[in-house]
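Morning, everyone. Let me put today's structure on the screen, and then we'll walk through it.

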Amino acid sequence: MEYEMLKGYGDVLSVGDLQKVFHIGKNRAYELVEKNIIKSFRMGKVYKIPKKAIIDYLLESMERGMVS
């Protein structure tokens, strides 16, 4: 399943990419990854977010009725 909002991004996104995808600020983006709300991993000091983790987050949010 491909989400239109994720077209043009590779399989792994940065926190900056996450900000652009969700139209959120830097603090909220870091909160999502630091609290493990969106699964991610760190490479040194940089968070990397698999595209699949974003899709999983969207699907879970839809199931809970948080997004439409």
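Start with the helix pair: α1 and α2 are roughly perpendicular to each other. Keep in mind that this is a predicted model.

Take α1, residues 15-22, and α2, residues 26-34. Their axes cross at roughly 110 degrees and come within 9 Å. The crossing of α1 past α2 is right-handed.

Which residues of α1 and α2 meet? On the α1 side, look for Val-15, Leu-18 and Gln-19. On the α2 side, find Lys-26, Ala-29, Tyr-30, Leu-32 and Val-33. Sort the residues of this contact by type, and you get 6 nonpolar, 1 polar and 1 charged.

Now zoom out to the chain. How many helices and strands does it have? There are 3 helices and 3 strands. Reading from the N terminus, the order is β-α-α-β-β-α.

Next, overall dimensions. The C-alpha atoms fill a box of roughly 35 × 25 × 20 Å along the principal axes. The radius of gyration is 11 Å. A compact globule of 68 residues would come out near 11 Å, so the two agree.

Two last numbers. Of the 68 residues, 31% count as buried. And among contacts with a separation of 6 or more, 44% join residues 24 or more positions apart.

That's my tour. Over to you.

How values were computed: Residues are numbered from 1 along each chain as its sequence is written. This is a predicted model: local features need pLDDT of at least 70, side-chain atom pairs count only at pLDDT 80 or more; totals for chains, interfaces and linings use all residues. Side-chain values use heavy atoms; hydrogens and water are left out. Axes are lines fitted to C-alpha atoms, for helices over the stretch in contact, and angles run from 0 to 180 degrees between N-to-C directions. Helices (H or I, at least four residues) and strands (E, at least two) are DSSP runs, numbered from the N terminus. Angles under 35 degrees count as roughly parallel, over 145 as roughly antiparallel, 65 to 115 as roughly perpendicular and the rest as oblique. A crossing is left-handed if the near helix is turned anticlockwise from the far one by less than a right angle, and right-handed if clockwise. Contact means heavy atoms within 4.5 Å. Ala, Val, Leu, Ile, Met, Phe, Trp, Tyr, Cys and Pro count as nonpolar, Asp, Glu, Lys and Arg as charged, and the others, Gly among them, as polar. The radius of gyration is taken over C-alpha atoms; the globule rule is 2.2 Å times the number of residues to the power 0.38. Buried means under 20% relative accessible area, exposed over 50%, partly exposed in between (1.4 Å probe, protein chains only).
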